[in-house]
Amino acid sequence: MIEGTTQTEAPDQEDEAVRRAQEDRLREVWAAPKGWRYWSAVNNTEVGVWYTAVSFGFMLFAGVLALIVRAQLAVPENDLVSPTFYDQAFTLHGTTMMFLFAVPIFEAVAIIILPQLLGARDLPFPRLSAFGFWCFVIGGVFVTGSIFFDQAPSSGWFMYPPLTTEERYTPGYGPDIWLLGLSFIEIASLAAAVELIVGTLKCRPPGMRLNLMPLYAWYVLVVAGMILFAFPPLIAGDILFEFERMFDWPFFDPSRGGDPILWQHLFWIFGHPEVYIVFLPAIALVAMIVPTFAQRPILGYSWIVLAAVGTGFISFGLWVHHMYATGLPSISLGFFSAASEAVAIPTGVQIFVFIATLLTGRVIYSVPMLFVSGSLANLVIGGLTGVMVALVPFDWQAHDTYFVVAHLHYVLIGGVLFPIAAGVYYYWPLVAGRKLSSRLGRIAFWLMFVGFNAAFLPMHYSGLAGMPRRVWTYSESLGVGTANLISSVGAFIFAAGILVIVWDVLRPRGKEPYAKRNPWNAGTLEWLVEMPGEDWGVRSIPIVTSRYPLWEQPNFIDDVDKGRFYLPDAEEMKRETIITSVLDGTPLQCLRVPGPSFMPMVAAIFTGAVFIFATFHWWASTIAAMVLAAISIIVWLWRGTAIIPEKPEKNVGRGLHLPLYTSGPHSVGWWAMFITMMGDTTAFLGLVFGYYYFFTIHADFPPPANVGPGVLWPSVAFGLFAVAWATALGARLTNQAGRIGLARGLMAAGAVAALGGSAALLWGPYTTGLRPAAHVYPATVWVIAIWTALHGVAGSLMLAYCLARSLVGRMTPKHDMDIWNVALYWHFVGFAVIVTVGTLAYLPLLT
Amino acid sequence: MRARLAALAGTVAVAGCEGAQSAFDPAGLEAERVLLLFWIMLGGGVAIWIAVIAVSVYAAQAKTKVYSDRTGVLVIIWCGCVFPTVVLAALLWWGLAMMPDLRRPADGPTIAVSGERFWWRVAYAVEGGPGVIRNLPRGGVPSSNEIWIPLGKRTEILLSSPDVIHSFWVPPLAGKMDAVPGRVNRLVLEPTETGVYHGACAEYCGTAHAYMGLRVFVVPEDEFEAYVAAQARPAAVDDGRGAQSFLENGCAACHTVRGTPADGDVGPDLTHVASRSTIGAGLLPTTIENFAEFIRSTDHVKPGVEMPSFGMLPEEEIVAIAEWLETLE
Amino acid sequence: MQVFGKTQDNLWTLIAAPAIWGFHFLFSYFLAAYRCAPNDDIFGTRAAIAVVTVICLLLILLIARRAGREWRTYGGAYRNDQATDNARERFLEFSTLLLAALSFVAVVFETLPIFVFWDCR
């Protein structure tokens, strides 16, 4: 297009006319689309803001539900709302706050500020972020909207079966809406996790080594990794649950060998890390705010890394502390009690790192710091009560009472909402170019702080005085009327504080001037942003040699603004950012980032339709939507990924030439596949956990070998899948070696073998007459076989996709990203096949 | 019996207002030890909270003195690592060491309790036996919503459920234990004082979850024996107009009154319903008016209840049934 | 000793110690659950957990020793915020050391139940 500017010698960045022209090009390339096409935007500055706004919308909705709950409980024996409405209100309150606010707000804020923080133009997969966002909106509206039709889930946010699985206890669509709506949103979370892990590891600016990464990025890395291992078990649980509800497969029905406790395990393997998944990103905001207002680098950088990583691990060993009263052996409870106490150590470290940083700095006080202090005061209470309920005997009393309600709100409001409020005040200039009012901020803070403590401190008492949670009303003789009245009044004061913030954000600004650049005098890269910000993010992608470049690197802002660093121009009119190495931030590639597209929205709508139609058992529409979703995703990938560039490399500035196309472990696509498949394999292991769980609790599970799926057909499947696996790897190697004909033959053969393998795997249980509704054993065999068979079919499609790409010349021996990723996918499927066949066919022979 | 109940009713009246369902007024071994644990943790927690907040308020003000990094690192190491590790280790050990004694085997009676939507089925004098069992033992002396246990003995409660998960919680005596379909959990109660203690279902089990109360009567051992023997006898009065109406209007499909043809097994056994202090699972005191009200508008008195309302019956039949029930001591 | 030479640290070496904690935790939990489902005697279970504990603690100590030695030998600073390979390496080693200490404590915590509980009640 603009041939003349693709010169080899560097442009003169000191020439203002050159810079103007560059800026015009950058502005045009990164501009959000106009008019109705605006909604096709995928840039992080757009999607991140939409994401944040919608999450806050859901928070306000769930907050209103909480106020209804508090109004009902204000006095004993109240009947302001009906018990059936009350049940829906508290269920949807918890569900919405957790799934539609706490987790999404992390993703939303990370999508906005992570690229800024890393001096990147955008995250590597903006369309994936947009897809996640649209999934979130559709699923969220579906779940929350159900209450207006009196069809909302009503059994508490952890949905314990058999209450929820049996139609006679819970008629209607409530549980299905919960399961399918949230499964859909979990997909969005996994998409965000992939995006954020790759973003943190591969999109850092040149020179930003691991030891220079902003702490926020460390937290994002840890939290995204946790999402990857925490959400899949819930997806596995959802699958079992929904198969029981729709097809009567008895996973949780004890009369046919199932066990309701299995759901509790799968739910809480997700549910407890979840608490830290929402807590750590909020603390990450504190880790950015505290150094700014202490006017010094964080003291104890490694200690924060210790705390984040340590919490990330140990938080996976706490799940049974929600199940102390289920009658498990004491020794098992002991292990979880130990981990629950151990996890308090890294949390304590974090708090004292902040205190030590303040102690050793010259503190400037401000509204964000006010919220940080409030957070600390409340969070420490939540932490201390957490240490209490981690002790098994105490929890036997406190469990499922208002004591726990108080505890969890101290953690979640003190540890998450207050830091988020601090973050809103701190980062608002980044989004809108202006500071929020510090007068309104202080009013909001005090309303929130006083209201919050009035609402939740008395609940500790109510709980131990005998008030169980989730009661529609309570008797006057319980003696907790006064405590509840105070709680209710406090809740409304707290809500008033939230409204002040909402007003502060939305109030008309008139001619109020923009804030000065870097208004808080912070040290990290996100404050390079101009007031108001440009869509391109940073003017040029800087070389970073410090943890706080704005404080420590001389003449830094000017160098960035004058385009003296990398990618100061968009001479080919393409969106570009730099990919670097994991350890040292060595530049590896100039990545062409995709621009606006409606495909993510279309794909999300069809994917959403699959889940929504399935909720109402409209099977024909479900299958049609499934096909359309698959087609839209293939079209999206076909047109938007692995595009062969017009030249092999380009000059990104300062004489550095970077390739425009990479494949294999150097490419972000390979990493995305790797990370996605880690999550996918975790979900698979969740299903396998179900099998071995029943193996543990039933002496006759699996039954004698002749009852199972047989050995013959699973072995045939194993052989065919092995062929497919080998051909995928062989196709990659032969294609790379330039033997395109052979590679195409292998892809075709692999696609066929994979289909055959899938068929053989399902044929086994079919021919041996395993009826899944009869008993939990056949149901478990079927669900694992179906999972692996579906992965075989998807793998077959992928090989066919590669073949087609090769035939039309979109994949060549040099440009072979597609087959690299598909071969990687097949390694994971290979693992799943080994586990599946070993478990289903060979394990029964041993017992 | 009646005099005994009147005496107890006095206790209920006093205890009913405060403490009857409170973990702050313990009357059982487990509840006492846990409350002590709580007070100590609360004291420690308050001290820690004040210390942390004091340090952070001091640190966060615009102070004249700026401390050295070395001091800061020492704060992290001692306050953030060493102190929590030591305190948590001690607390963990204490918490764990409490448990074997609390779960010591019973030396008293075994009582089967089944959590059902939305009441408690009770059976005295059942065979427990050690080891893992998946279904509650059958038989025994049936009752509901009220459990009598002897003072000075460790009574084993076998817990399960035929429908959904419930949780058995009598805070003055002990912590809670879930009643899970397909499993039998064991909870041992060791009361330390006679009296009447209130309990509730602590696991959400459906619309009427809030109305699934129970009462535990802690009595001397001989009284316990006499009570169980009395409960084992058939109903005192087995005919008359009320009994007739009861049988004719289908009540017998769900309720048993031993000594009459009524042998339904869905709802509570009513053989000695008038000897119990409440009806509707801890909801209303046992009076003729309340019996009548419960029969007349069941779902209004106890929203979400499984029993249908019998408001379509003529008023005099309702009253007759209520009067008959009141005689079933 | 060559084992304590200049090894290159990365994110995997960083998480090795907590991963050992994870293994120890899952091993203890699954073994106890498996043996307690039929309410078996658990003396053997407790002994097995004790053996695994010792092995895990030794491995964590080895990780700590390796990281700590290299960290001390080649500079041993706390901040490690320079833009050099050396600082990145020292940062990873120091963080590994801290995580190893946390993992050590967590594994010890995790072992306490086997000294308290003698059966499956």
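Trainee: How many residues does the contact take from chain C, and how many from chain A?

Mentor: This is a predicted model, and in it the contact takes 40 residues from chain C and 36 residues from chain A. A residue pair counts as in contact if the C-beta atoms, placed from the backbone, lie within 7 Å.

Trainee: Which helices of chain C each supply at least two residues of the side that touches chain A?

Mentor: They are α2 (16–36) and α4 (85–116) of chain C. The most comes from α4(C), with 17 residues.

Trainee: Which residues of chain C does UniProt list for "transmembrane region"?

Mentor: The unreviewed UniProt entry lists residues 12–31, 43–64 and 97–118 of chain C.

Trainee: How much helix and how much strand is there in residues 12–31 and in residues 43–64 of chain C?

Mentor: Residues 12–31 of chain C are 95% helix and 0% strand, with 27 Å between the end C-alpha atoms. Residues 43–64 of chain C are 100% helix and 0% strand, and there the end C-alpha atoms lie 31 Å apart.

Trainee: Now the pairing of chains A and B. How many residues of each are in contact?

Mentor: 70 residues of chain A are in contact with 73 residues of chain B. Helices of chain A that each supply at least two residues of this side include α3 (83–117), α9 (330–342) and α11 (367–389). The largest share, eleven residues, comes from α10(A). By class, the side of chain A that touches chain B divides into 44 nonpolar, 20 polar and six charged residues.

Trainee: Which domains is chain A divided into?

Mentor: Chain A has domain 1 (45–506) and domain 2 (684–846). Their centres, taken over C-alpha atoms, are separated by 37 Å.

Trainee: How do you know that domain 1 of chain A and domain 2 of chain A are in contact?

Mentor: By the cut-off of 7 Å between C-beta atoms, 18 residues of domain 1 of chain A are in contact with 14 residues of domain 2 of chain A. On the domain 1 side, α6 (215–247) and α7 (260–294) of chain A each supply at least two residues. The largest share of that side, eight residues, comes from α6(A). The side of domain 1 that touches domain 2 divides into twelve nonpolar, three polar and three charged residues.

Trainee: What annotations does UniProt give for chain A?

Mentor: The unreviewed entry has "domain: Cytochrome oxidase subunit I profile" over residues 24–557 of chain A. Residues 24–557 of chain A are 66% helix and 0% strand, while residues 587–845 of chain A are 71% helix and 6% strand.

Trainee: And what is the make-up of residues 106–230 of chain B?

Mentor: Those residues of chain B are 8% helix and 43% strand, with the end C-alpha atoms 24 Å apart. UniProt, in an unreviewed entry, annotates them as "domain: Cytochrome oxidase subunit II copper A binding".

Trainee: Why are α20(A) and α23(A) called roughly antiparallel to each other?

Mentor: Helix α20 (residues 668–697) and helix α23 (residues 776–807) of chain A pack at an angle of about 160°. Angles over 145 degrees count as roughly antiparallel, and therefore α20(A) and α23(A) are described that way. Their axes are 10 Å apart, and the crossing is left-handed.

Trainee: Which residues make the contact of α20(A) with α23(A)?

Mentor: Among them are A:F684, A:L687 and A:Y691 of α20(A), and A:V776, A:T780 and A:W787 of α23(A). The contact has nine nonpolar, two polar and no charged residues.

Trainee: At what angle do α21 and α22 of chain A pack, and how far apart are their axes?

Mentor: Helix α21 (residues 712–736) and helix α22 (residues 740–767) of chain A pack at about 160°, with their axes 7 Å apart. The crossing of α21(A) and α22(A) is left-handed. Their contact has 21 nonpolar, nine polar and no charged residues.

Conventions. Residues numbered from 1 in each chain as written. Chains lettered and ligands numbered in written order. Predicted model: local features only at pLDDT ≥ 70, side-chain atom pairs only at ≥ 80, totals over all residues. UniProt positions renumbered as here; feature names shortened; annotations may be inferred. Helix = DSSP H or I, 4+ residues; strand = E, 2+ residues; numbered from the N terminus. Contact = placed C-beta atoms within 7 Å. Domains from an automatic or database assignment. Nonpolar A, V, L, I, M, F, W, Y, C, P; charged D, E, K, R; others polar. Axes fitted to C-alpha atoms, helices over the stretch in contact; angles between N-to-C directions. Parallel < 35°, antiparallel > 145°, perpendicular 65-115°, else oblique. Left-handed = near helix turned anticlockwise from the far one by under 90°.
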